[in-house]
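Keep the structure open beside you as you read.

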Amino acid sequence: MKVLDLLRDNIKQLKPYSSARDEYSGVEGVFLDANENPLGSVTEKKHYNRYPDPFQVEVKEKLSLIKGVSSDQIFLGNGSDEAIDLLVRAFCEAGKDNIIVLPPTYGMYQVCADIQGVETRKVNLTPETFQIDVKAVLEAVNATTKIIFVCSPNNPTGNVVGRSSIKQLLEGFDGVVVVDEAYIDFTEEESFLSELKNYENLVVLQTFSKAWGLAALRLGMAFAHPELIKVYNKIKYPYNLNQATQELLLEALDNESLKNENVEELNTEREKLAKQLLDLPYVQKIYPSEANFLLVKMDDARGVYESLIKDLVIIRDRSKVVLCDGCVRISIGTKEENLVLMNSLKAL
Ligand SMILES: *Cc1c(COP(=O)(O)O)cnc(C)c1O
């Protein structure tokens, strides 16, 4: 597979750690192979004494049905952060390779590159409409560009990025194109999961932190060609998802309908809030959002942000972010929380 040629040489050659559970994966037996404590854990539930399933087989089977992909196309990580970090480390050689990001966007892509000593090339989205300038992105690609990160719906702008321009990147670039779909549940737009069969260089990221309401568990998903997932499995920490998290995830996956209800409620609240915000005299613009937040342009964004903090209402000041002059980002709260927000804003 062509994209695998772009892996770092040491990753291509890496012999992964082999855990006790890799060498014998049966469930029955007297387990004296992993130096675990046979007397049980010192918590009320006693079964945390055993190492968890390193490849989360049961969890992935259940998830594969929900997502319509096969288990071997799924990597689960300690947040999307792990999926981003491992990908950068697998493909990018420090001091030599580069990634491309499309500001204004999520900050973690560049942080992972910075940690790895990898250059981040920036090609801004188009002003106001926040779409990809495909020609400029492909011109920024050079022989050592390994990954392009696209975020859709994009954070902090909230809009969906045009499907055809993402496909143009997938077709015009030999490296990995990541489509970060952290907010995919909040939009009607179709996920790129359906494109996995067409593109070997596509990695789709999703998360349990937003629509599923499980940010504290730290659970991210990467979906890709099985050969790319094998790379993830080779370089991840052996037991990267703990037992408690795997159990809670199995429970969560039985409650998809509750997730969908919550998404609908938040989307309704978002549209209500957008209308109310527009009535404020100092609000200039609400950017159309298909996520669980609004990007709002206003007079004196910093001042508004600071005044709200005095009322213990915390929003995100984005006014120093490129192409987000004068903007704040407001997460959609409960009906009650949004009311508190509006009351504070009206009192300014
Ligand atoms: C919130 C968010 C994530 C989720 O990160 P986790 O590490 O899974 O919590 C990923 N990408 C974007 C763009 C986000 O806004």
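## A charge over a ring

The charged end of Arg163 sits over the ring of Phe192, 4.4 Å from the ring centre. A charge counts as sitting over a ring if NZ of Lys or CZ of Arg is within 6 Å of the ring centre and within 35 degrees of the ring normal. Arg329 gives another example: this residue lies over the face of Phe293, at 5.7 Å from the ring centre.

## Where the numbers come from

You are looking at a predicted model, in which local features need pLDDT of at least 70 and side-chain atom pairs count only at pLDDT 80 or more, while totals for chains, interfaces and linings use all residues. Residues are numbered from 1 along each chain as its sequence is written, and side-chain values use heavy atoms, with hydrogens and water left out.

## Salt bridges

Side chains of opposite charge can pair when their charged atoms come close. For a salt bridge, a side-chain nitrogen of Lys or Arg must be within 4 Å of a carboxyl oxygen of Asp or Glu. How many salt bridges does this rule give? The count comes to 21 salt bridges.

Start with Asp9 and Lys12, whose closest N and O atoms are 3.5 Å apart in a salt bridge. These two residues are 3 residues apart in helix α1 (residues 9-13), so about one helical turn separates them. (Helices, H or I with at least four residues, and strands, E with at least two, are DSSP runs numbered from the N terminus.) Asp9 is partly exposed, with a relative accessible area of 48%, and Lys12 is also partly exposed, at 39%. Here buried means under 20% relative accessible area, exposed means over 50%, and partly exposed is in between, using a 1.4 Å probe and protein chains only.

## Bridges between distant parts

Now return to Arg163, whose side chain meets that of Glu189 in a salt bridge (3.5 Å, N to O). This pair links distant parts of the chain: Glu189 is in the loop between β5 (176-180) and β6 (202-207), and Arg163 is in helix α7 (residues 163-172), 26 residues apart. Is Arg163 buried or exposed? Arg163 is buried, with a relative accessible area of 18%, whereas Glu189 is partly exposed at 32%.

Arg302 and Asp317 form a salt bridge too, with their closest N and O atoms 2.7 Å apart. Arg302 belongs to helix α11 (residues 301-310) and Asp317 to strand β10 (residues 316-317), so this pair also links distant parts of the chain, 15 residues apart. Arg302 is partly exposed at 39% relative accessibility, but Asp317 is buried at 14%. Elsewhere, salt bridges that share partners join Arg163, Lys167, Glu189, Glu190 and Glu195 into one network.

## Aromatic pairs

The structure holds 8 aromatic pairs. Rings of Phe, Tyr and Trp (its six-membered ring) pair if their centres lie within 6.5 Å; planes under 30 degrees apart count as stacked, over 60 as edge-to-face and the rest as tilted. Tyr24 and Phe31 form a tilted pair, 6.0 Å centre to centre with 55° between the planes. Tyr24 is partly exposed at 43% relative accessibility, while Phe31 is buried at 17%.

Phe75 and Tyr232 are stacked: 4.3 Å centre to centre, 10° between the planes. Phe75 lies in strand β1 (residues 74-77) and Tyr232 in helix α8 (residues 226-235), so their pair ties together parts 157 residues apart in sequence. Both Phe75 and Tyr232 are buried. Finally, ring pairs link Tyr106, Tyr109 and Phe149 into a cluster.
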